[in-house]
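Dear colleague,

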Amino acid sequence: MKECPQMAQKRKTAGRSSNGTRPPSKRGKLDLARPHPNAQQSEDFGIVLREFYPPEMSNERCLAYTDGTLERPIETLQRAYEETADQRRAIRANSAVVHWFKCDLRLHDNRALRMAYQTAKEHNIPLIGLYILSLQDLTAHLLSPARVDLILRTLHQLKRDLSELDIPLYMEMQETRKNIPQRIVELCRQWGANHVYANLEYEVDELRRDARLVRLCAKNAIKFETAHDACVVPPGQVASQQGKQYAVYSPWYRKWLDHLNKNRDCLELSEEPGSNPGEARKQFKELFDSDVPAAPENKQLSGEEKKHLGQLYPAGEHEALRRLEAFLEEKVRAYAEARNMVCGQTTSILSPYFSSGLLSARTAVEYSRRANKGSLQHGDLGLVGWISEVAWREFYKHVLVHWPFVCMNKCFKPEFTNLEWEYDEDKFNAWCEGKTGFPIVDAAMRQVKQDKWMHNRTRMVVASFLSKDLLIDWRRGERYFMENLIDGDFASNHGGWGFGSSTGVDPQPYFRIFNPLRQSERFDPDGESIRKWVPELCEIKGSAIHEPYARGAGAIAEKNGYPRPMVDHSKSRGQALHRYKRV
């Protein structure tokens, strides 16, 4: 794992105690272990899952991560590599090499897989693929049944693709997630593998787990190597002139483009592995018979849902690449003008494939660059806009690495945790069910229930509505999205909710409050999306579709059981401004 330059500098200049904290003088005598005053409220409303995590942390603890008093998980991993360097250097190849698949279920442009294959080829020993389905992680990380289904369907395809190369894919379930590092060591011993490769995931739990695995592997004479694969540019390498992580997208994006133009190797796509260099069919015959795990009971879909989602989102990297190529050939030229329109399919709908690692961001950007005659920021506006949208996903991952508390039920601006939020279950359920009386909100929420996906524009609309019209704690909406969307990526989901609730990395102030009616008229002008998802209103003609009770279509709406608006937007806006301003 290559260390980020500014992180390396911090490590040289900042002392650290054995427990991962820097000298306490920075934070004085604050009790950083003390929970936030409203911790019980966030727990009772289903925001903090106490089965897996401690109570909501205080705002002071967030600041301790920001100023460096507390060690970031990426630094914990870096330290594990530094302190085991001599042990790992002495390790030699044995009977096999293992690639541990995580959120990288593909052969095309998979950096750690390529590293594993090269090591196996160099020593003429078999390469083994490993996948572990962690039941606790599925629940703790809020993966939706739809996303779990896509992952399991993809594993079937991945197993076939690897088998054609004589590479086995061994799969198993682990009930308890803390046992995974030890289980990987046990499997390596069983197979005689002294090398394990994996791509990094940037969430807190995953970085800390990998840091433990580095040390445990080194102790057992196994070399665990990781690669930066999820981002085109590794976190920490796009910094301001002062060496700081950007908290605003626009300057970050300019620097990101500049970095890519100066470091074209970032966009080099890794080759797929060739045939297994060792005699895997002879040495590890039984591994080829490994079955894809079944979805646990709490992550299962009905037969009808499986069929519907299987048609909407076919599994695997081949479909991901097909969709990317089709989008670049057929739709991207109109992307700049049409991408915000919620009626019709104006976007790529590649997010499910990005989120589960069936398609790399690097491939998407590089294919787009080639289609744009070699340029990342000039030329076709649709292609330039598409590259920028892919970069947003990466920006949020960079933010997550630098401010890890956003992965711990806190917002980037932790002071907004103190806002006087509402915790009204009835109103929240009405929002979830698409029965708010605001047609554009209800259409979007019903789309999630059926298709497990939502247009980015309406994601912003419904997030603003929940947090600023209903004043319900946005973190409950964040959880709902993760538990229902097929493309639930934590960094992007958190970033989007931070934007919609004005609590995230966003230069726009809290008084930006989306007007649902204006958003509906502008981005679904003919009401096409509303008529599709809210059949109670499909008889309504013209612009009355956007607010039937105020535009003379109330009789139709009422006859068909469509509710009146649950709030007055202008009054809710005033109340939200008052509460946000107090914070």
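The buried residues of helix α4 are P73, I74, E75, T76, L77, Q78, R79, A80 and Y81, where buried means under 20% relative accessible area, exposed means over 50%, and partly exposed lies in between (1.4 Å probe, protein chains only). Helices (H or I, at least four residues) and strands (E, at least two) are DSSP runs, numbered from the N terminus. Helix α4 covers residues 73-83, and nine of its eleven residues are buried, so the helix is largely enclosed by the rest of the structure.

Please note that this is a predicted model, in which local features need pLDDT of at least 70 and side-chain atom pairs count only at pLDDT 80 or more, while totals for chains, interfaces and linings use all residues. Residues are numbered from 1 along each chain as its sequence is written, and side-chain values use heavy atoms, with hydrogens and water left out.

Two packed helices are described by the angle between their axes and the distance between the axes. Axes are lines fitted to C-alpha atoms, for helices over the stretch in contact, and angles run from 0 to 180 degrees between N-to-C directions. Angles under 35 degrees count as roughly parallel, over 145 as roughly antiparallel, 65 to 115 as roughly perpendicular and the rest as oblique.

How do helices α20 and α21 pack? Helix α20 (residues 439-451) and helix α21 (residues 456-469) meet at an angle of about 115°, and their axes are 9 Å apart. The two helices α20 and α21 are therefore roughly perpendicular to each other. Their crossing is left-handed; this term applies if the near helix is turned anticlockwise from the far one by less than a right angle, and right-handed applies if clockwise. On the α20 side the contact (heavy atoms within 4.5 Å) is made by I440, V441, A444 and M445, and on the α21 side by T458, V461, V462 and F465. By class, seven of these residues are nonpolar, one is polar and none is charged. Here Ala, Val, Leu, Ile, Met, Phe, Trp, Tyr, Cys and Pro count as nonpolar, Asp, Glu, Lys and Arg as charged, and the others, Gly among them, as polar.

Helix α21 also packs with helix α23 (residues 490-501), at an angle of about 60° and with the axes 8 Å apart. Helices α21 and α23 are therefore oblique to each other, and their crossing is right-handed. From α21, M460, V462, A463, S464, L466, S467 and K468 meet W497, F499, G500 and S501 of α23. This contact has six nonpolar, four polar and one charged residue.

A further partner of α21 is helix α27 (residues 569-582), with an angle of about 70° and axes 9 Å apart. Helices α21 and α27 are therefore roughly perpendicular to each other. In α21, S467, K468 and D469 meet H569, S572, A576 and Y580 in α27. The residues of this contact divide into two nonpolar, three polar and two charged.

**Residues in loops**

N276 is located in the loop between α11 (249-262) and α12 (280-283), and with 9% relative accessibility N276 counts as buried. Its side chain reaches the backbone oxygen of D166 at 2.8 Å. Apart from neighbours within four places in sequence, N276 is in contact with I125, P126, L127, L165, D166, I167 and P168.

M57 belongs to the loop between α2 (39-44) and α3 (59-66) and is likewise buried, at 9% relative accessibility. Not counting residues up to four places away in sequence, M57 touches P35, H36, C62, Y65, F405, M408 and K410.

F416 sits in the loop between α18 and α19 (425-433) and is buried, with a relative accessible area of 8%. Leaving aside neighbours within four places in sequence, F416 is in contact with C411, W421, S502, T503, Y580 and V583. From F416 to D473 the separation is 57 residues in sequence and 9.9 Å in space, C-alpha to C-alpha.

Is K373 buried or exposed? K373 is exposed, at 82% relative accessible area. K373 has a positive phi of about 60° although it is not a glycine.

Yours sincerely

Note on methods. A polar contact is a pair of N or O atoms within 3.5 Å; within protein, one must be able to donate a hydrogen and the other to accept it, and residues adjacent in sequence count only if both atoms are side-chain atoms.
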